[in-house]
Amino acid sequence: MGAPLSSWPWAGLGAYKYLLYGPLVAKVAQAWREQGGAPTDSWCLHLLLLLALRSLTHQLWFSYANMLFFTRRRRVVPDGVDFKQIDAEWDWDNMVIMQTLLGAMAISSPLFPAMSELPAWDPRGWAVALLVHVAVSEPGFRWAHRALHRGPLFSQYHSKHHSSPVTQPLTSAYGTPLESLVLTLAMAAPLAGAFLAGAGSVGLLYGHIFAFDYLRCMGYSNVEVISHRAFRAFPLLRYLIYTPTYLSLHHQEKDSNFCLFMPLFDLLGGTVHPRSWELQKEVGQEERPGAGLRVPGARGGRGVLHARAVRVPGVQLAAMDDAPRAAPALARRLLHHGAPGALLQDLHRQLLLPPRRAPPDLDHPALQLPVLHPAHEGRHQPPDRARHPQGRQDGRQGAQPRRAQQERGAQRRRHALRRPAPRPQGPGGARQHAHRRRDTPRDPG
Ligand SMILES: [Zn+2]
């Protein structure tokens, strides 16, 4: 039994944890049926839409960060992500589930306004939210984050988050329930301030949550996306917005750069890493030695490979050998997703590809009428000889198409069952009969 709020209560449910969304889906379905259309005034519908928006934001940032052909030179930490980290961050969306459930609890409160009363847009709400973010969320998060790095709090609650050696957008949501609660409060405080001030709007709700997720994913993307020239032109800007390099330094060294999004509060607290912007300039300017993709599980300067080389199957197998414990987990997942994949492939074959021809039945060949050659009346000419006049003339057949050989075999079997032809009578009959026997194909049996 670990410390309270150090593990997720639905950790043992596996994929069944998504049943937690069931009540929300049921409420939306009921409202949809009663209203005969999309219940746009239902908070439950907007919670589900926000869930989809947040998942898409994380996914798009994840895809972008893994476009190595495009982002490789701007990777802050050149290492790749290993199997252990992939397994650990598989359930990165626990924080999103928790925040959706907390949102569902909040909307049932009588203090919460009805969705139909909210305007689509209110600029005052944005001003209030920005004020609360700078005055409450930023200093509050930095204080809590720094506290999580001290003493037993780190080992019990925050070490799991820092166990990912290379950050990626999904790492931003990976952690224990306690640190996810801290992050939830930092995200919800500006919204609560704006709504309590009577300046809340639908646009603020969607825009604030999207911006929060976007900045978190950007910081954890491990790809430098902010030019150092912008900071050189506007020096104050470096204290208003953090960069992926800034966040990576915290994730690696853990003793500086604790802020949420604004390094200003690290500056006030004296915890800015001295190389924060110097390293950002290096990342953007040159291709550093070792900048490439390392084989998962082969960190520490060993197995540095170019991205294209990882596509070679042998190298992939070697990478799996380096992660003996992760490989079975990967195999289990392939097995898990194998059945739907095979079904889709089979549907594609059944619906889009032409039907296959049945193989020939050699025991019961199709009946084919013999071809009468005009130059040899009264003789049965094998069809292949008629079609391939360039064939050998010594009575034996050379290499011929498979189908013709099968037809020839069937012809021979029919000849074997037939009674021998009567000996011709009259002058020249013996010579004619011998000539016929010489030209008649021999039965191999
Ligand atoms: Zn930390």
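**Ground rules.** I am reading a predicted model, where local features need pLDDT of at least 70, side-chain atom pairs count only at pLDDT 80 or more, and totals for chains, interfaces and linings use all residues. Residues are numbered from 1 along each chain as its sequence is written.

**Entry one: H6 and H8.** I looked up how helix H6 (residues 123-148) meets helix H8 (residues 177-196), and found an angle of about 160° with the axes 7 Å apart. Axes here are lines fitted to C-alpha atoms over the stretch in contact, with angles running from 0 to 180 degrees between N-to-C directions. Helices are DSSP runs of H or I, at least four residues, numbered from the N terminus. The angle makes H6 roughly antiparallel to H8 (over 145 degrees). I then listed the contact (C-beta atoms, placed from the backbone, within 7 Å): H6 brings residues including Gly125, Val128 and Ala129, while H8 brings Ala186 and Gly193 among them.

**Entry two: H11.** Which helix is mostly covered? I found that H11 (residues 244-253) has eight of its 10 residues buried, meaning 20 or more other C-beta atoms within 10 Å of a residue's own. Tyr246 and His250 are among them. Next comes lysine 254, with a positive phi near 65°.

I took a core as buried Ala, Val, Leu, Ile, Met, Phe, Trp, Tyr and Cys residues joined through C-beta atoms within 7 Å. The largest has 28 residues, and Leu183, Ala186 and Phe261 are among those touching the most other members. H8 and H11 are among the helices that each supply at least two residues of this core. A second, separate core of six residues includes Val128 and Ala129.

Conventions:
Angles under 35 degrees count as roughly parallel, over 145 as roughly antiparallel, 65 to 115 as roughly perpendicular and the rest as oblique. Two residues are in contact if their C-beta atoms, placed from the backbone, lie within 7 Å. A residue is buried if 20 or more other C-beta atoms lie within 10 Å of its own, exposed if 12 or fewer, and partly exposed in between; C-beta atoms are placed from the backbone.
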